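Keep the sequence and the 3D view side by side as you read.

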Amino acid sequence: MSKELANRVKEICSEKGLQMKDLAAIMNVKPESLSRTLNGNPQLSSLENIAKALNIGIADLFADKVENNIIFSSTTPNSLTSIIVYKDKTYIANTLNELLSHVRMICDE
C-alpha cells in the first residue's frame, strides 16, 4: 500500500500545483518525516493530517478517480476496505460482514 499511497499523494500534489516539500511545510513537518510516513505504515491520524493539508477526504488518498460519489481504485478486485468516521469514532472493516456490523452498531446508537 505504501508505494501506492506515496504515488497517489504525489499525484494529488501535482494536480494542486504543490511539491512534496510544500505539503510538508503546510503540515508543519520535515519533508523526510512526510516521506517516511508515506513509505511506511501510516496511522489513521497521519492520513487525516495529509488529507486535511490537501483539503481532500481520506478516501481520496486511495482513489484513482471519483464519479457520482463512487471512488474507483486500483486495489485488488473484490477486496473491501472501509473507513467510517462517525461521532469521533473510527470504524475500519476489511470484510462485508465487518462493515455491516459497524453500520448496525452505528444505527443502534
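Helices (H or I, at least four residues) and strands (E, at least two) are DSSP runs, numbered from the N terminus. This is a predicted model, in which local features need pLDDT of at least 70 and side-chain atom pairs count only at pLDDT 80 or more, while totals for chains, interfaces and linings use all residues. Residues are numbered from 1 along each chain as its sequence is written, and side-chain values use heavy atoms, with hydrogens and water left out.

1. **Overall layout.** The protein chain has 5 helices and 4 strands. Their order along the sequence is α-α-α-α-β-β-β-β-α. Of the 109 residues in the chain, 24% are buried, where buried means under 20% relative accessible area, exposed over 50%, and partly exposed in between (1.4 Å probe, protein chains only). Contact means heavy atoms within 4.5 Å. Taking contacts between residues at least 6 apart in sequence, 32% join residues at least 24 apart.

2. **The core.** A nonpolar core is a set of buried Ala, Val, Leu, Ile, Met, Phe, Trp, Tyr and Cys residues joined through side-chain atoms within 4.5 Å. The largest one here has 16 residues, and V9, L23, L38, I50, L54 and L61 have the most contacts inside it. At least two residues of this core come from each of α1 (2-15), α2 (20-27), α3 (31-39) and α4 (44-54).

3. **One side of α4.** Which residues of α4 are buried? They are L47, I50, A51, A53 and L54. These residues lie on the same side of α4, because they cover an arc of only 160° around the axis; the arc is that of the directions from the helix axis to the C-beta atoms. Just after α4, N55 takes a positive phi of about 60°.

4. **How α2 meets α4.** The axes of these two helices come within 9 Å and cross at roughly 105°. Axes are lines fitted to C-alpha atoms, for helices over the stretch in contact, and angles run from 0 to 180 degrees between N-to-C directions. So α2 is roughly perpendicular to α4, given that angles of 65 to 115 degrees count as roughly perpendicular, under 35 as roughly parallel, over 145 as roughly antiparallel and the rest as oblique. L23, I26 and M27 of α2 make the contact with N49, I50, A53 and L54 of α4.

5. T37 is found in helix α3. T37 touches P42, S46 and I50, not counting residues up to four places away in sequence. Its C-alpha atom is 8.9 Å from that of A6, although T37 and A6 are 31 residues apart along the chain. D60 lies in the loop between α4 and β1 (65-67) and is partly exposed, at 24% relative accessibility. D60 and V9 are 51 residues apart in sequence, with 9.3 Å from C-alpha to C-alpha.

6. **S82 in a strand.** S82 belongs to strand β3 (residues 82-86). At 11% relative accessibility, S82 is buried. Beyond residues up to four places away in sequence, S82 touches Y91, I92, A93 and L99.

7. **Cysteines.** Is C13 buried or exposed? C13 is buried, at 1% relative accessibility, whereas C107 is exposed, with a relative accessible area of 59%. The structure holds 0 disulfides, a disulfide being a pair of cysteine sulfur atoms within 2.5 Å.
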